[in-house]
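Subject: A structure to look through

Dear colleague,

Here is the structure I promised to pass on to you, and I would be glad if you kept it open while you read.

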Amino acid sequence: MNKFIDGVNVAIHDFQNNEINDIDAAIGSFEVDPADTPFQAGYLEGLAGISEHGLLPTIKTLTSGNLRKVLNK
């Protein structure tokens, strides 16, 4: 679970630091090369969260512990 959350954190960091120019293309790259580690799955989830809900709600979900609750189920 920690590697998954690490992936989400890195996706948020990359987006905040303008290392991702096209979030849809970044998400689409996982269609070509699917996530095969918990870290990659977390990274994809982070990108999808940012794309769907925006950056701040994604950060709030991560820091509130709600993501951890979902993962524990």
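Two residues are said to be in contact, or to touch, when heavy atoms of theirs lie within 4.5 Å. Please also keep in mind from the start that this is a predicted model.

**Confidence and overall layout**

The average pLDDT of the chain is 89, and 86% of the residues score at least 70. Confidence is highest in α2, at 96, whereas helix α5 (residues 66-72) has the lowest mean, 62, so please read that helix with the definition in mind that pLDDT is the predictor's confidence in each residue, from 0 to 100.

The chain contains 5 helices and 0 strands, and its elements, read from the N terminus on, follow the order α-α-α-α-α. Of its 73 residues, 27% count as buried. When we consider contacts between residues at least 6 apart in sequence, 71% of them join residues at least 24 apart.

**Helix α1 and the residue after it**

Helix α1 covers residues 2-16, which makes 15 residues, and the distance from its first C-alpha to its last is 21 Å, close to the 21 Å expected at 1.5 Å a residue. Its buried residues are F4, I5, G7, V8, A11, I12 and D14.

D14, which lies in helix α1, deserves a careful look, since it is buried and yet has no salt bridge; the nearest side chain of opposite charge, that of K3, is 15 Å away. Which residues does D14 touch, if those up to four places away in sequence are not counted? They are E19, I20 and Y43.

α1 is followed by N18, a residue found in the loop between α1 and α2. The phi of N18 is near 55°, which is a positive value in a residue other than glycine. Is N18 buried or exposed? N18 counts as exposed because its relative accessibility is 61%, and the cut-off for exposed is over 50%.

In soluble globular proteins, nonpolar side chains tend to be buried together. In this model the largest nonpolar core has 13 residues, and those with the most contacts inside it are V8, I12, I20, I23, Y43, L47 and L62. The elements that give two or more residues to this core are α1, α2 (23-32) and α3 (38-53), and the largest share, 5 residues, comes from α1.

I23, one of the residues with the most contacts inside that core, lies in helix α2. I23 counts as buried because its relative accessibility is 15%, where the cut-off for buried is under 20%. Once its neighbours within four places in sequence are left aside, I23 is in contact with F15, L47, I50 and S51. The C-alpha atoms of I23 and A48 are separated by 8.5 Å, although these two residues are 25 residues apart along the chain.

E45 has its place in helix α3, and it counts as partly exposed because its relative accessibility is 41%. Between E45 and F4 there are 8.8 Å in space, C-alpha to C-alpha, while in sequence they are 41 residues apart.

Helix α4 (residues 55-64) contains L56, and T58 also has its place in helix α4. Why does L56 count as exposed? L56 counts as exposed because its relative accessibility is 66%, whereas T58 is buried, with a relative accessible area of 9%.

Both residues can be related to I12, though by two kinds of description. L56 and I12 are 9.6 Å apart in space, C-alpha to C-alpha, and 44 residues apart in sequence. T58 is in contact with I12, and also with G46, G49, I50 and H53, when its neighbours within four places in sequence are left aside.

With best wishes

How values were computed. Residues numbered from 1 in each chain as written. Predicted model: local features only at pLDDT ≥ 70, side-chain atom pairs only at ≥ 80, totals over all residues. Heavy atoms only, no water. Helix = DSSP H or I, 4+ residues; strand = E, 2+ residues; numbered from the N terminus. Expected span 1.5 Å × (residues − 1). Buried < 20%, exposed > 50% of the residue type's maximum accessible area, 1.4 Å probe, protein only. Core = buried A, V, L, I, M, F, W, Y, C linked by side-chain atoms within 4.5 Å. Lys, Arg positive; Asp, Glu negative; His and termini not counted. Salt bridge = Lys/Arg side-chain N within 4 Å of Asp/Glu carboxyl O.
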